[in-house]
Amino acid sequence: MADKEAGKDLNTETAKSFARRDRLLEIEAQVQKWWEKEDVFMADSRERPPELGEKFYGNFPFPYMNGNLHLGHAFSLSKLEFAAAYRRLRGVNVLLPFAFHCTGMPIKASADKISREIQKFGYPPSFPTVTKEKSNHPEPEPEPEPERAEASGGNQGSTGKFKGKKSKAAAKSGGDKYQWEIMRSYGLSDDEISKFQDPYYWLTYFPPLAVKDLKAFGLGCDWRRTFITTDRNPFFDSFVRWQMRKLKQMGKIVKDLRYTIYSPLDGQPCADHDRASGEGVNPQEYTLIKMEVIPPFPLKLRALEDRKVYLAAATLRPETMYGQTNSWVLPDGKYGAFEINETDVFILTERAALNLAYQKLSRVPEKPTRLTELTGRDLIGLPLKSPLAFNEIIYSLPMMSILTDKGTGIVTSVPSDSPDDFMALHDLKTKPAFREKFGVKNEWVLPFEVIPIINTPDYGDKSAEKVCTEMKIKSQNEREKLEAAKKIIYKGGFYEGTMLVGEYAGMRVQEAKNLIKSKLLELGQAVIYSEPEKMVMSRSGDECVVALTDQWYITYGESDWKKDAEECLASMNLYCDETRHGFEHTLSWLNQWACSRNFGLGTHIPWDEQFLVESLSDSTLYMAYYTVSHLLQKGDMYGSGMSLVKPEQLTDEVWDFLFCGGPCPKSSDISSSLLNKMKQEFEYWYPFDLRTSGKDLIQNHLTFCIYNHTAILPKHHWPRGFRCNGHIMLNSEKMSKSTGNFRTICQAIEEFSADATRFSLADAGDGMDDANFVFETANAAILRLTKEISWMQEVLAAESSLRNAPHSTYADRMFANEIDIAIKMTEKNYNEYMFREALKTGFYDLQAARDDYRFSCGSGGMNCNLLWRFMDVQTRLITPFCPHYAEYVWKELLKKDGFVIKAGWPEANLPDLTLKKANKYLQDLIVSMRKLLQKQVSGSKKANANALSNQDKPTVGLIYVNEQYDGWKKECLNILRSKFDSTTGSFALDKEILEALQQSPIRQEGNFKRTQKLCMPFLRFKKDEVIAVGTQALDLRLPFGEIEVLTENSELIERQLGLERVEILSATDPEAVLRAGLHVSLLNQNPPSPGNPTVIFLSS
């Protein structure tokens, strides 16, 4: 909703733009001093429990402290800030705390990068010039159905996890290659950057900067409660240790051997927030089919003849192995023979071998041993004995579409149920030149026919062949068609297929799949293999693998716990169906979560000090810690101040007493008054009412928050609401450091001011779609706000010349009504967290109403009391968005007592909707009259030469009104009213309406056929109008007197159209009709009806 008109004005005031911006910055600095002096955002509990609606506690996921806060943070935070400011304005006791996350790998990884860069490039580093290349690792979307794990081209992901368009981790990673360059972009000197080799230096540098920026932004935060995470804050460290022990005592933390995304360089699991890319990616499990190479071996494998050598093919469809006709390799692909144990050797890609090495499938753990290098051409023609295959011997053949960065690079071929396999085998069979190119012998291909193994209702027992025929696929190179065919076949085969062969013949594929898989594993004919669904890069810069690790896990997904989480979710306000679906989907797939790490920053696992609590596991319950942090840390974010409590005094019994309803810890040496005060704070503020966040945190942090609250806290303290939003674009383009389309909060404030930035954030959009921060809107806001201050100063200076009387004129009543409507509509929009709409109704629409009022008043002038009310109301309504501007106006211009941020919501009379309709009627008529007048003055295009001369231009307007339907129109409306069912909101059949018309008094009139022809379109028009505006369309007259409205506003109409005189006439008055003179035919051709006057222009 960029303000185009203000934007145009702005272009003409370039020289003044910085002065206007600077004026807002001066106002903001002044107002912030007022706030700080009076501690206006400090929030304390009260001794008695809060009444419904008395308190509001909102919070925001603490940002990670490896850089400055940017507009992406500001956008999500603004949703909380606006909601909290609105509640504070209404007199609610509001708590909005803020803290800073330092746990995990990102800071440690960045600090280590700086050290490595100094070692490699000197001090200060002299970096080589490199050309950035586009990654050759595609990241396809996950498939929504099960599919085989062939590495042949296409999408191989997990089953459709809920993901945002861009992950938070991806948003965090800029385009700079070197960490030193990133630090320079913050304006740091080389000497300063070198200090960041110490990871703990980051904790002292960035959090205070963030506080400074957020204060400049005007965040209504109780800064006494701020803190940082990690063991550098002993109080928060104690809280997290208690939380971990609590979960373990409940059996919700266990040690287990599980597959997890793992960074070889870091030597530990790599959770979502430890990743530079690949947030939300999970391990994908495959069945690795062992296809034994039959001796004698070719020369390249001759040294392995004393070993069992297998081509290792990854698949998601082990049930199809009966139908194998061959295997596929990429002719130019790079492979190796890797030692798995003393007897077995697997031929696959090095990438797959690395994953296996971290899954205890390598003779040397975590180090794949390659016995020989191979290419795909070396493997073509190998005779194989493959598990379950009806063909005793199959051969390895070339396939051109295999991806070696997915699966193992070895693919099983089942042409009965795979369109890719069917077409690739078809090409080899029908193209001798193709076979010759790769040295493929006829006997490796021609004898092998499609083997029916699965029957589906739609595609029979040779589904791949049938779908390829139907889709007219001619070659394995038609990738798009083959992808579409594969989706159809794999989905149908899994959900509707029936096994035709093997010991599970007659069984549904869904049931047989895991039984066949288990049999292959038991017989040693297959192993489990896992790899990341997509590429994952750690913040340390290495590509992650999937490792089978023995570590501590939180048992998310456990059935009883999951039921509690679902119960909590069902009771929460999520403000958007898409958000709820995202949570429901996450709960459906979320399973055990690795909660421990070997190194980084954070809290140590209390019973296993070699491990640290990972960053998404110490950030799930800390909203409770906010309620007592100010009493423990005394406003020192590091917990190193002069507290009355020592961290070691915070025993589990103390935490249980504070948060879980436990007994008062008699053995504690903390004073009972302080213990009770802390408990009072928690009991007063909890549960929190709102947590705002980007939608990307649904799949981890926010769902973890629900789980932890339901496990540890009683039901009446479970969260009440989450509000999730999309990401923010800048000027309709992705926000990106590498392209320069990026702003930190500090930069935005310097460029636009805080209030203009907040204004544009409010205007950017609501909901789950990506929003758009438009610079033009922010610049227009600068102009609007400063001009509004100037206008108010002018009004107040000229107050004595204004009309000082009750709201007596039509314009007065209309403006007063528009103010009432603005109050009510803006209140509704704030309550529904529709901030863009609140900005529209509370500012844009109200400004437009004021401008209309100024014009409508004419010579009578504006009403002083009404303008004072307007200034008061507008200032309050915009306070949540532009609090500095509003505070300045409140105190300096309106001379009000107290602070506007707590001034209360303005009172409003019940809006007069009839008056609103009357004004719309008036404005619409003026628009239509202007168009008619312009047409009459200029003449038609065909007769432009005969346009009227100046002395013949119309100066008088006759407005003929018929305030009530009569005659056949009246009868039609009566019939429609009688044939309308208000319960269903529908009319009777046209046949019934027509019968009623034929039986009505109209029938008795002469020339009924002619009247009936007039009735039918009128009936259709009115039926459509009922759908659009309701049953009021069937009223015989408008809810207001048209003649009265037009008569009272005749001066306005004259001024708007430049007429000397306007006459309001009744079309039912014969004498009034005579005033039309020679133009009376216009009345007959276009007779007026309620809401549609007929206008005739005359020259004097």
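This is a predicted model: local features need pLDDT of at least 70, side-chain atom pairs count only at pLDDT 80 or more; totals for chains, interfaces and linings use all residues.
Residues are numbered from 1 along each chain as its sequence is written. Local features need pLDDT of at least 70 and side-chain atom pairs count only at pLDDT 80 or more, while totals for chains, interfaces and linings use all residues; side-chain values use heavy atoms, without hydrogens and water.

Select residues 754-764, helix α24, together with 835-857, helix α27 (helices are DSSP runs of H or I, at least four residues, numbered from the N terminus). Their axes are 6 Å apart and the packing angle is about 120° (axes are lines fitted to C-alpha atoms over the stretch in contact; angles run from 0 to 180 degrees between N-to-C directions). Show Phe759, Ala762 and Asp763 of α24, which make the contact with Phe835, Arg836, Leu839, Phe843 and Tyr844 of α27 (contact: heavy atoms within 4.5 Å).

Next, select Asp990 and Lys1023, a salt bridge with the closest N and O atoms 2.6 Å apart (a side-chain nitrogen of Lys or Arg within 4 Å of a carboxyl oxygen of Asp or Glu). Asp990 is in helix α32 and Lys1023 in helix α33, so the pair ties together parts 33 residues apart in sequence. Asp990 is exposed at 53% relative accessible area, whereas Lys1023 is buried at 18% (buried is under 20%, exposed over 50%, partly exposed in between, with a 1.4 Å probe and protein chains only).

Move to Arg23 and Glu26, a salt bridge at 3.4 Å, N to O. Both lie in helix α2, three residues apart. Arg23 is partly exposed at 32%, and Glu26 is partly exposed at 48%.

Finally, select Asp44, Asp222, Arg224, Arg225, Lys677 and Glu681, which are linked in a network of salt bridges.

Methods
Helices (H or I, at least four residues) and strands (E, at least two) are DSSP runs, numbered from the N terminus.
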